[in-house]
2 protein chains.
Amino acid sequence: MASIHDVAKEAGVSVATVSKVLNDYPDVSDKTRKKVNMVIEQLHYQPNVVARGLVKKRSWTVGVLLTVPFTNPFVAELLEGIKTALENSGYDLVRLSTRFDDPNYSFIKHCRSRNVEGVVVFGVERENPSIDELIHSDIPTMFVDTDIVGKRAGYITTDNQNAIQMSVKHLYELGHHKIAYISGTLGPSIANMRLEGYRQGLKNCNLPYLTSYLEVCDYSFDEGAAAMRRLLQLKEPPTGVVCTSDLAAFGAIYEIERHGLRVPEDVSVVGFDNTYHAQVFKPNLTTINQNIFSIGIKSIECLIALIENPDFSPPVITEPSELIVRQTTASPSVSI
Amino acid sequence: MASIHDVAKEAGVSVATVSKVLNDYPDVSDKTRKKVNMVIEQLHYQPNVVARGLVKKRSWTVGVLLTVPFTNPFVAELLEGIKTALENSGYDLVRLSTRFDDPNYSFIKHCRSRNVEGVVVFGVERENPSIDELIHSDIPTMFVDTDIVGKRAGYITTDNQNAIQMSVKHLYELGHHKIAYISGTLGPSIANMRLEGYRQGLKNCNLPYLTSYLEVCDYSFDEGAAAMRRLLQLKEPPTGVVCTSDLAAFGAIYEIERHGLRVPEDVSVVGFDNTYHAQVFKPNLTTINQNIFSIGIKSIECLIALIENPDFSPPVITEPSELIVRQTTASPSVSI
DNA sequence: CTGAAAGCGCTTACAG
DNA sequence: CTGAAAGCGCTTACAG
């Protein structure tokens, strides 16, 4: 690879001058500029970003910290948003490989050694020591779906509570009075916000909150089906079910149909996420659309703002969601 | 951030000595080593990988070039394998953000400027100019699912032909004689290999190859359904269908059921990929399992070998696949 | 308008 | 065993 020295020598100028044309400094004569650019072309010279970063104390890279696999649909779409926001930004995305074989491994040290300028974090439990290091550090950070703020750390999430309230309201307006809720694992803030949305949603409709109508699962198809099975065994099974993932919703639908009932004629089901599955598999799922792509985009926009502007305060963003009514919700039949 | 100079000063030694303990050189007295390590600890010193890379002319990063979105299940699982192979390897993964706003943007220049040491490529058409640059360059490259080799470039793919042959054979052994094939878009090498597998599979069973039994779709649910619709309109509709994606298979099943027929009693369907959907949605899909995760792992193992060993020849790897028999294939009923 | 020099944070012969 | 010096490929005051 040709270096700036090769170009300088070939063009008969100093490296300082080459650097100046590289960086569009005005104090270079047209003649010199042309000459240098010619040589650059001819030598296929490409400035070394790493060397430049060393002197400018920058790296033009942002990191991602993900504990959830890439195969998770949320992660996949989040990354798609992140990637899109990064195009033309001048920043590249780096996934830091953890080194579990090193007992002293620390995510934040890794960021430092790589000069990563900012990081997007998703799916890391609050208890993880890296989180604490991160929020007390001066490394710009955007958390996704975790309500953590720090010195230079903000977060972005969906309006989880409102989303579930909308689902409950939708079922109520269709005429449902027995509305159950299949929650994701309780603990993380989004699960709590959503549960609160269920309770508030019922209250808004003057419906009682019954613990027998609250089921918890891990967002999966199988546990969604299992939760539904328990609900169907109740003396008064629900006629409407609000789920916190599309997969759990599909599990519930599977179970409802296995019991000889129909969706939506006998039981209405609402999902959450509006993943690929919701639109493709049958019946098309009524679900909450999260703007995951947009969350990805904004997380990067905020991160870059935090990086490039020390006065930019860590933002807290709630992204709106919407109810997408498809084929799995309808007015309850009288038969049940 | 403390630098090596800070450590040297604090420990009362030269930077050369600090560097030596950092790199486990033997020619340092125990006493000095201890002292230096103490100071490192106390200053939370973290060597700057970028600076080290500048002198060693390395970056310990590998890049990925993907044109397919992260939401594609194959991509997601491939990345999961890549990520896994990278843990503890010392290499980090970089996704290079393209700069379409720069008319001179070139992927390979970007790699060079970032000092990326090797790259994994998936889903890029053969015609893309970056491909040509890449295979003629000395940048170690592993192509996934594209049969390209170059100076330092190898590839890895599934045994596509054999996979489809297995599917055909499976149906034949169940008693099917009317076996249709819903291909993915023809052109790319994997589609051609698979089509060859269909033809060869029929030949092995002494079945005729009928063009009316060949349908082409884009791997999606909707086009899979549309292709199936056409097959069902034939005078002699098939009793068995081999698809080249799980999604297309689910589309086909949807269409079969919409026609009042049952799977597998009336028509058997085989998918391809063994994605998440195949195991989760009902009926559980009989499909070809591609070891995508393993392809991800091996692509990185080969890439690192290419990087670290100039004598290592660019490999060509065919990863075995297997037929997973589930609920969508059975012996044909006589009624059809 | 141009370039010599110092420096970013490291490593590595080499001399002592 | 230790350290001064040169160098990796750049940028940026500063002097001329």
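**Symmetry, sheet and interface**

Guide: Chain B is superposed on chain A, with an RMSD of 0.1 Å, by a rotation of 180 degrees with 0.0 Å of shift along its axis. Copies are fitted by least squares on the C-alpha atoms of residues with pLDDT of at least 70 in both. That is the relation of a two-fold axis.

Visitor: On what conventions do these values rest?

Guide: This is a predicted model, in which local features need pLDDT of at least 70 and side-chain atom pairs count only at pLDDT 80 or more, while totals for chains, interfaces and linings use all residues. Residues are numbered from 1 along each chain as its sequence is written, chains are lettered from A and ligands numbered from 1 in the order in which they are written, and side-chain values use heavy atoms, leaving out hydrogens and water.

Visitor: Which residue of chain B comes closest to the rotation axis?

Guide: The distance is taken at the C-alpha, and it is 2.3 Å. The residue of chain B with this closest approach is V94(B).

Visitor: What is the strand order of the open sheet of six strands in chain A?

Guide: Strands are DSSP runs (E, at least two residues; helices are H or I, at least four), numbered from the N terminus, and two strands pair if DSSP finds at least two bridges between them. The edge strands, each pairing on one side only, are β7 (214–217) and β12 (321–324) of chain A. With mixed pairing, the order in chain A is β7-β6-β8-β9-β10-β12.

Visitor: In which sense do β6 and β8 of chain A pair?

Guide: Residues 179–184 form β6(A) and residues 240–243 form β8(A). One bridge joins A180(A) to V241(A). Over four bridges, the sense is parallel.

Visitor: How much area do chain B and chain A bury between them?

Guide: Contact (heavy atoms within 4.5 Å) involves 49 residues of chain B and 49 residues of chain A. Buried area is the accessible area (1.4 Å probe) that two parts lose on being put together, summed over both. Carbon and sulfur atoms carry 60% of the total, which is about 4600 Å².

Visitor: With which residue does R95(B) form a salt bridge?

Guide: The rule, a side-chain nitrogen of Lys or Arg within 4 Å of a carboxyl oxygen of Asp or Glu, finds four salt bridges across the interface of chain B and chain A. For R95(B), the closest N and O atoms are 2.7 Å apart, and the partner is E87(A).
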